[in-house]
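Here is a short report to read beside the model. Keep the sequence and the 3D view open as you go.

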Amino acid sequence: MNFPSLATLIEITLRTLAICIPALVISLAIGLPIGIAIGRRLFSGRVAVVSLINTGMGAPPVVVGLLVYFALARNGPFGDLSWLYSGQAMILAQVMIALPLVVGITLAAVGSLDEDWELQVRSLGVPKRWRLWLLVREIRLGLLAAVITALGGILSEVGAVWMVGGNLEGETRVLTTAILMYTQMGELEIAFGLAAILVGLMLVLAGLLTAVQQSGRT
Amino acid sequence: MNDATILSARNLRVELRSKRGSFVLTVDELDLCAREALVILGPNGSGKSTLMRAMAGLERPSAGSVTSVATGPVTMVFQRPAPLAGSVAYNIRVVFLGKNLAGAELRDRIGEALERFKIDHLAEHRAVTLSGGELRRLALARAFALRPAVLLLDEPFAGLDADGQAALSLDLRRAISDTRVAVAMVTHDLRRAMLIADRIAVLIDGRLAQIGRRDAVLEQPSTPEIARVVGMTNLVQGVVIDERRDDLALVEVDAEHRVAARTDCAPGTRVWIGIRPEHLKLDIGRGAVDPIGKGIVREVVSDGVSVTVQVDWAGAELRTHLMAGRGLARTLRAGVSVSLSASPKHVHLIPVTPAI
């Protein structure tokens, strides 16, 4: 059995965070405004858009990975970026997986508000920027659920990141791809060790977010 | 628009479309004057709430306009107030967001609003845990905290029990009187409406059917539909005959049922006879002055305070109210023959419009 060194373990863990955190931040930065905008407005074609988002929420990550692979492949539409088998490609794949989750949960949180909610706040003469702040405050429990779900989806994802990242040692190997690799090599003790780190990471991050969520209950 | 007008709608048209169909509200002219209370009545689906929202600037008209020259805010209290996550005091504080108010002045304004609607003891409670009545008080406190020039109220008493309605309507009346805010209020409850109404507007099928001083609309509705909306529920058709009694015209329903009334209608004119329940008198003897004929009591229902009596009169069902536990109310039973009377000044005639 060839145990990876502590330095390697730390490196893989830090790389996992270095890829997952930007992916989470980008998903939230794009997904929250889209979810709020779709949740607040009635427009023709809304049902189709929401159906598309719901489909995206359940899309198999490996299919998302395949699409990102196709887009970034040398002959693909974005081949010139030369992102394939890089951290950028992995971030992109994770954003594509997390985005529908963030949008879907956010718009459901906005939809759970009273139909007249915004009109009522408007009628109180609250300026527009403050209305948006009030809306975010009102749905913050739902938004934190979106963050936790997206984080879970990103941290646990393996198929797509393997396809577009390639699990290259020292470059694109993250906890999930390393677990898969060691399992395939029959090195189950190492795989379990890495799995424990991954679960620990998820527990700490999700625990922190849940603590924030529950402390905000009023 | 006169000098006192602070909110006016002109050639207003609001179109709403939903899965249940479309609805159009059209109001040619509607003014709300400073310090007046306008009550808007109408059946379900007549467009009352839509009119409120349009007047509050929350519904975009497809034509026409709503113009405000009020010096203070125009605000609206909704039929189902939405509490914000947070304390009752926080729910008041949000109205001052972006309004440059802080410190003692902010605390005073919040305290004043809470006290005005007697919810100061709930200041630190979570708003989402309030009862229906408390939530309505919070919504009104929130609106009054703004010190509005115009207050639009959509069914402020809906869903409350009788005691809750009575208490809230008195507090609301006091608040309106203290602040001299102009009020437009939509309600189904005629009794509560009468507590504050200076003028009444009636909406039917998305159109402003009648507007005028309170007593004029109550006593002289211009159509049978309006009469029903304003509580003139006793409506029977008759014909003005070429015979008079004490300078009054006589309207005949049948040979045994005639009603004296003041009218300019020519003999032969077919009219609706409208008598408000509170103006229809019962007697088990010959009937006092102004008799209109005999009827048979069909039903007597008491709620402990008042007794509602249904009487079959000339084939129509008339209704009147008596004080529970007093006089006739104690002995009246279904099947009893009674004499009915109505003062001519309380008999309103509406010419029957031929069907087109």
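How many residues lie between strand 1 of chain B and strand 2 of chain B in the hairpin they form? There are two residues between them. Bear in mind throughout that this is a predicted model.

## The hairpin of chain B

Strand 1 covers residues 5-18 of chain B, and strand 2 covers residues 21-33 of chain B. The two strands run antiparallel and are joined by twelve bridges. One place to look is Thr5(B), which stands opposite Cys33(B) in strand 2 of chain B.

Strands of a sheet pair through backbone hydrogen bonds, and the pairing is either parallel or antiparallel.

## The nonpolar cores

The largest nonpolar core holds 108 residues. Among those with the most contacts inside this core are Ile40(B), Met55(B), Ala141(B) and Met185(B). Helix 4 (residues 132-145) of chain B gives the largest share of the core, eight residues. Domain 1 (5-219) and domain 2 (232-351) of chain B each contribute at least three residues to this core.

Take Met185(B) as a way in. Beyond residues up to four places away in sequence, Met185(B) touches Ala37(B), Val39(B), Ile40(B), Leu153(B), Pro156(B), Ala193(B) and Ile196(B). A second core is separate and has 53 residues. This second core includes Ile36(A), Ile38(A), Ile148(A) and Ile190(A).

## The five-stranded sheet

Chain B also has an open sheet of five strands, in the order 14-18-15-16-17, with antiparallel pairing. Strand 14 (281-283) and strand 17 (316-323) of chain B are the edge strands, and each pairs on one side only. Neighbouring strands of this sheet are turned by 45° against each other on average, direction ignored.

Inside the sheet, strand 15 (residues 291-302) and strand 18 (residues 337-341) of chain B pair over five bridges, in the antiparallel sense. Lys294(B) has Ser339(B), in strand 18 of chain B, as its bridge partner.

## Trp313(B)

Trp313(B) belongs to strand 16 (residues 306-313) of chain B. Is Trp313(B) buried or exposed? Trp313(B) counts as buried, because 22 C-beta neighbours lie inside 10 Å.

Apart from its neighbours within four places in sequence, Trp313(B) is in contact with His257(B), Gly293(B), Gly295(B), Leu318(B) and Leu340(B). Arg60(B) is 253 residues away from Trp313(B) along the chain, and their C-alpha atoms are separated by 49 Å.

## Chain A

Chain A has ten helices and zero strands. Its C-alpha trace spans about 70 × 45 × 25 Å along the principal axes. Of the 218 residues in chain A, 37% are buried. Among contacts in chain A with a separation of 6 or more, 77% join residues 24 or more positions apart.

## Where the chains meet

Which numbers of residues of chain A and chain B are in contact? The contact involves 15 residues of chain A and 19 residues of chain B. On the chain A side, helix 5 (117-123) and helix 6 (128-138) each supply at least two residues. Helix 5 of chain A gives the largest share of that side, five residues. By class, the side of chain A that touches chain B has seven nonpolar, four polar and four charged residues.

Key. Residues are numbered from 1 along each chain as its sequence is written. Chains are lettered from A and ligands numbered from 1 in the order in which they are written. This is a predicted model: local features need pLDDT of at least 70, side-chain atom pairs count only at pLDDT 80 or more; totals for chains, interfaces and linings use all residues. Helices (H or I, at least four residues) and strands (E, at least two) are DSSP runs, numbered from the N terminus. A residue is buried if 20 or more other C-beta atoms lie within 10 Å of its own, exposed if 12 or fewer, and partly exposed in between; C-beta atoms are placed from the backbone. Two residues are in contact if their C-beta atoms, placed from the backbone, lie within 7 Å. A nonpolar core is a set of buried Ala, Val, Leu, Ile, Met, Phe, Trp, Tyr and Cys residues joined through C-beta atoms within 7 Å. Domain bounds come from an automatic or database domain assignment. Two strands pair if DSSP finds at least two bridges between them. Ala, Val, Leu, Ile, Met, Phe, Trp, Tyr, Cys and Pro count as nonpolar, Asp, Glu, Lys and Arg as charged, and the others, Gly among them, as polar. Axes are lines fitted to C-alpha atoms, for helices over the stretch in contact, and angles run from 0 to 180 degrees between N-to-C directions.
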